[in-house]
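Keep the structure in view while reading.

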Amino acid sequence: MYRAVTRQIEVTVEPNFVPEQSSADRSRFFWSYTIVITNSGEETVQLKTRHWIITDATGRQQEVKGEGVVGEQPTLAPGERFEYTSGVPLTTASGFMTGRYQMVSESGERFEIDVPTFSLDSPDNKRVLN
């Protein structure tokens, strides 16, 4: 599990390779990832936008920006959490993702929180130690 905390908002990520949606022969590798956002602060916050940078094993990057996550813009009161699962395909057997969420506090302040960089590794990926 991967974890980042920004302004008392914790984001954890657990990626999972999905072999039934992957095919090494077709250079298609798919992962699901479950994200839990927990508000440990004292103010209610709302997730407004997401910004992902997805990098494959060749270094090719793709950026994804959009409103909310999985069609929602969740509001988290102090002590509340929001969990969702999404997925990402790559044409290589490994890669990584990193990102940020733009949040807005109940007082109207906009700020960004980090999503921890997380690794996407498939069983087909042969590891090489340097």
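Two strands are said to pair if DSSP finds at least two bridges between them. The model discussed here is a predicted one. In it, strand 2 and strand 3 run antiparallel and are joined by nine bridges. Within this pairing, Ile 9 stands opposite Asn 39 of strand 3.

**The chain as a whole**

The protein chain has nine strands and zero helices. Read from the N terminus, its elements follow the pattern β-β-β-β-β-β-β-β-β. The C-alpha trace spans about 50 × 30 × 25 Å along its principal axes. The chain has 130 residues, and 42% of them count as buried. Its accessible surface is about 7400 Å², with 44% belonging to carbon and sulfur atoms. If contacts between residues at least 6 apart in sequence are taken, 63% of them link residues at least 24 apart.

**Strand pairing**

Strands of a sheet pair through backbone hydrogen bonds, and the pairing can be parallel or antiparallel.

| Strands | Bridges | Example of partners |
|---|---|---|
| Strand 1 and strand 2 | five bridges | Ala 4 and Val 11 |
| Strand 4 and strand 8 | 11 bridges | Ile 54 and Met 97 |
| Strand 8 and strand 9 | 10 bridges | Gln 102 and Glu 112 |

**Turns and positive phi values**

Strand 1 and strand 2 form a hairpin with two residues between them. Arg 7 lies in the loop between these strands. Although Arg 7 is not a glycine, its phi is positive, at about 50°. Arg 7 counts as partly exposed because its relative accessibility is 43%, and partly exposed covers the range between under 20% (buried) and over 50% (exposed).

Val 70 is another residue other than glycine with a positive phi, here near 40°. Its place is in the loop between strand 5 (61-67) and strand 6 (75-76). With a relative accessible area of 43%, Val 70 is partly exposed.

The hairpin of strand 8 and strand 9 has four residues between the strands. In this hairpin Gly 108 takes a positive phi near 95°.

**The nonpolar core**

In soluble globular proteins, nonpolar side chains tend to be buried together. The largest nonpolar core of this model has 28 residues. Which of its members touch the most other members? They are Ile 35, Ile 37, Trp 52 and Tyr 101. The elements that give two or more residues to this core are strand 2 (9-17), strand 3 (29-39), strand 4 (45-56), strand 7 (81-90), strand 8 (94-105) and strand 9 (110-121).

The contacts of Ile 35 show how residues from several places in the sequence meet. Not counting residues up to four places away in sequence, Ile 35 touches Val 11, Thr 12, Val 13, Trp 52, Phe 82, Glu 83, Tyr 84, Tyr 101 and Val 115.

Is Ser 32 buried or exposed? Ser 32, which is found in strand 3, counts as buried because its relative accessibility is 17%. Leaving aside neighbours within four places in sequence, Ser 32 is in contact with Glu 14, Pro 15, Asn 16, Val 18, Thr 85, Ser 86 and Gly 87.

Lys 48 lies in strand 4. Its relative accessible area is 19%, so Lys 48 is buried, the cut-off being under 20%. Leaving aside neighbours within four places in sequence, the contacts of Lys 48 are Gly 66, Glu 67, Gly 68, Gln 73, Gln 102, Met 103, Val 104 and Arg 110. Lys 48 and Tyr 101 are 53 residues apart along the chain, while their C-alpha atoms are separated by 7.2 Å.

Methods. Residues are numbered from 1 along each chain as its sequence is written. This is a predicted model: local features need pLDDT of at least 70, side-chain atom pairs count only at pLDDT 80 or more; totals for chains, interfaces and linings use all residues. Side-chain values use heavy atoms; hydrogens and water are left out. A nonpolar core is a set of buried Ala, Val, Leu, Ile, Met, Phe, Trp, Tyr and Cys residues joined through side-chain atoms within 4.5 Å. Buried means under 20% relative accessible area, exposed over 50%, partly exposed in between (1.4 Å probe, protein chains only). Contact means heavy atoms within 4.5 Å. Accessible areas come from the Shrake-Rupley method with a 1.4 Å probe; for residues, only the protein chains shown count as cover.
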